Amino acid sequence: MEEIDFENLDLKSMTPEEIVSLEKEYLINVLGKNLIDSEERDDRKNPTGYRVLAMKYWPEEFEGEEKKCVHHIDFNHSNNIVSNLVVLTYKEHKLIHRLFDPDYEEYCNNISESQKGKPKGPCSEECKKKISEALKDKPKGPCSEEHKNKLSESHKGKTHTEETKKKISESTKGKPKGPCSEEHKNKLSESLKRKHQHK
Ligand SMILES: [Zn+2]
């Protein structure tokens, strides 16, 4: 059989069916998963039907301490049919989305948002909805709109010369990647100082 480079698949040029068949191959041959070709389905929302199905078909997967994710092989979370489900560890689940999910970046954003105070698994449809609703009003990224405007104004009309490019990359060196400005940092360190003085 031809070796497949799962790490470098060109998902954009593949049909959903091709992606799913490669994904199944990976699940079975690389991760050693036991897929079940059953048409049984459970469309209950609460408790989520697919978890009920998974516990019925793969009870042994839920015996250990480790938290398990029930993944929808075709990435359609309403397709709660046994042949579309597989039980994965959290790590495996992330891997599968990275390798086979054409919307992986969006998925990642959802995860990191959902982890803010919400320890629940990544797969719940309800959770995803809430997140995308919450995101509607929020500006993206850590910096405020105002901050962005300032940035873009200061960049208007300027093209970067090689020299300024260098300067920029030098000035970003050593900075933490976190949100925003020097000012912010100063405030932080000041408030830290104050704490120490109280000792
Ligand atoms: Zn999934």
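**Group meeting: the core and the helices around it**

Let's start in the middle. The largest nonpolar core has 16 residues, and the ones that touch the most other members are A54, V70, L85, V86 and V87. Helix 2, strand 1, strand 2 and helix 3 are the elements that each give two or more residues to this core. Strand 2 supplies the largest share, with 4 residues. Please keep in mind that this is a predicted model.

Now, if you would, find helix 2, residues 49-57. Which of its residues are buried? They are Y50, R51, L53 and A54. Why do these four sit on the same side of helix 2? Because they cover an arc of only 160 degrees around the axis. As for what lies across from them, the buried residues of helix 2 pack against strand 1, residues 68-72, and strand 2, residues 85-89. You have met A54 already: it is one of the core residues that touch the most other members.

Next, a pair of helices. In general, two packed helices are described by the angle between their axes and the distance between the axes. Here the pair is helix 1, residues 16-30, and helix 3, residues 90-100. Their packing angle is about 145 degrees, and their axes are 11 Å apart. The crossing is right-handed.

Who makes that contact? From helix 1 come I19, L22, E23 and Y26, and from helix 3 come I96, L99 and F100. By type, 6 of the contact residues are nonpolar, 1 is charged and none is polar.

Conventions: Residues are numbered from 1 along each chain as its sequence is written. This is a predicted model: local features need pLDDT of at least 70, side-chain atom pairs count only at pLDDT 80 or more; totals for chains, interfaces and linings use all residues. A residue is buried if 20 or more other C-beta atoms lie within 10 Å of its own, exposed if 12 or fewer, and partly exposed in between; C-beta atoms are placed from the backbone. The arc is that of the directions from the helix axis to the C-beta atoms. Two residues are in contact if their C-beta atoms, placed from the backbone, lie within 7 Å. Axes are lines fitted to C-alpha atoms, for helices over the stretch in contact, and angles run from 0 to 180 degrees between N-to-C directions. A crossing is left-handed if the near helix is turned anticlockwise from the far one by less than a right angle, and right-handed if clockwise. Ala, Val, Leu, Ile, Met, Phe, Trp, Tyr, Cys and Pro count as nonpolar, Asp, Glu, Lys and Arg as charged, and the others, Gly among them, as polar. A nonpolar core is a set of buried Ala, Val, Leu, Ile, Met, Phe, Trp, Tyr and Cys residues joined through C-beta atoms within 7 Å.
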